Amino acid sequence: MRTDQPAELEWKEGGTPVSRRFDDPYFSLENGLEETRHVFLAGNDLPARFAPGFHIAELGFGTGLNMLAALIAWRHSGQKGALRFTSFEAFPMRPDDISRALDAFPEAKAVAGPFLAAWAAGQRVIETGDLRAEITIGDARETVPRWGGRADAWFLDGFSPARNPELWDTELMSAVARNTAPGGTLATYTAAGHVRRALSAAGFEVERRSGFGRKRHMTVGRMPA
């Protein structure tokens, strides 16, 4: 799978980008920001678990909406220092496409300026006063196992397992587990049985919870301390 190509998009009415490669939208057609807060923040018990040096890792950077939602929560929690955020993305979106997508979420767009400027300048390590983000471009099946970091929380936000199975395979879920701090957590919108089994086999304590909007279920997990 080539990973040196930008994302190719179609746009739904209302400003929702859809991947042509995977025929899947980048965020909920109902309310992507609230979906992020329900699935990825609440699913990882955030912002309650935030602490100095907290490190989030993510599969599937997309529009950067998850990162911006986490940054908003970080600021509201009153934390000092920078939130650490590492994301793995195979097909990065063009700067103008990200900006267009974020127009649907004024709250996120309002804090996106420094990130958008850095992204447009070609930067993939982005540091602001309270954010240190690194977006690693490439096939996550290769880049995650090579990563030397350990996340306190994972956002597993690839396209649907039925459309993008490479981002949900057993070996990659095992690599996620190896790069999770003791007591670390994960959350994902999918409740697919094979994903939950792969996470459980990798060492996570896995739980199914109520999903967002029309999705009945989602998945959370915790690595024993």
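Trainee: Where is the place of Ala101?

Mentor: In this predicted model, Ala101 has its place in helix H3.

Trainee: Why is Ala101 called buried?

Mentor: Buried means under 20% relative accessible area. Ala101 has 0% relative accessibility, so Ala101 counts as buried.

Trainee: Which residues does Ala101 touch, leaving aside those up to four places away in sequence?

Mentor: Ala101 touches Trp11, Gly15, Pro17, Phe27 and Thr63. Contact here means heavy atoms within 4.5 Å.

Trainee: What makes H3 roughly antiparallel to H5?

Mentor: The axes of helix H3 (residues 95-102) and helix H5 (residues 113-120) cross at roughly 160° and come within 9 Å. Angles over 145 degrees count as roughly antiparallel, and therefore H3 is described as roughly antiparallel to H5.

Trainee: Which residues make the contact of these two helices?

Mentor: H3 contributes Pro95, Ile98, Ser99 and Leu102, while H5 contributes Phe115, Leu116, Trp119 and Ala120. By class, seven of the residues in this contact are nonpolar, one is polar and none is charged.

Trainee: How many strands form the open sheet that contains S1, and in what order?

Mentor: Three strands form this open sheet, in the order S1-S2-S3, with antiparallel pairing.

Trainee: Why are S1 and S3 said to stand at the edges?

Mentor: Strand S1 (9-12) and strand S3 (24-25) each have a single partner strand, so one side of each is left without a neighbour in the sheet.

Trainee: Which strands pair with S7, and in which sense, parallel or antiparallel?

Mentor: Strand S5 (residues 83-89) pairs with strand S7 (residues 131-137) in the parallel sense over seven bridges. Strand S6 (residues 125-128) is joined to S7 by four bridges, and these two run antiparallel. S6 and S7 form a hairpin, with two residues between them.

Trainee: Which residue of S7 is the bridge partner of Phe85, and which is that of Ile126?

Mentor: The bridge partner of Phe85 is Ala133. Ala133 is also the bridge partner of Ile126.

Trainee: What makes S9 largely enclosed by the rest of the structure?

Mentor: Of the nine residues of S9, eight are buried, so the strand is largely enclosed. Strand S8 (residues 151-156) is joined to S9 by five bridges, and the two run parallel. One of the bridge pairs is Phe155 with Ala187 in S9.

Trainee: Where is Asn179 placed, and is Asn179 buried or exposed?

Mentor: Asn179 is in the loop between helix H7 (170-178) and strand S9 (180-188). The relative accessibility of Asn179 is 7%, and therefore Asn179 counts as buried, the cut-off being under 20%.

Trainee: Which backbone oxygen does the side chain of Asn179 reach?

Mentor: The side chain of Asn179 reaches the backbone oxygen of Ala175 at 2.8 Å. Not counting residues up to four places away in sequence, Asn179 touches Val144, Trp147, Gly148, Gly149, Arg150, Ala151 and Trp154.

Note on methods
Residues are numbered from 1 along each chain as its sequence is written. This is a predicted model: local features need pLDDT of at least 70, side-chain atom pairs count only at pLDDT 80 or more; totals for chains, interfaces and linings use all residues. Side-chain values use heavy atoms; hydrogens and water are left out. Two strands pair if DSSP finds at least two bridges between them. Axes are lines fitted to C-alpha atoms, for helices over the stretch in contact, and angles run from 0 to 180 degrees between N-to-C directions. Angles under 35 degrees count as roughly parallel, over 145 as roughly antiparallel, 65 to 115 as roughly perpendicular and the rest as oblique. Ala, Val, Leu, Ile, Met, Phe, Trp, Tyr, Cys and Pro count as nonpolar, Asp, Glu, Lys and Arg as charged, and the others, Gly among them, as polar. Buried means under 20% relative accessible area, exposed over 50%, partly exposed in between (1.4 Å probe, protein chains only). A polar contact is a pair of N or O atoms within 3.5 Å; within protein, one must be able to donate a hydrogen and the other to accept it, and residues adjacent in sequence count only if both atoms are side-chain atoms.
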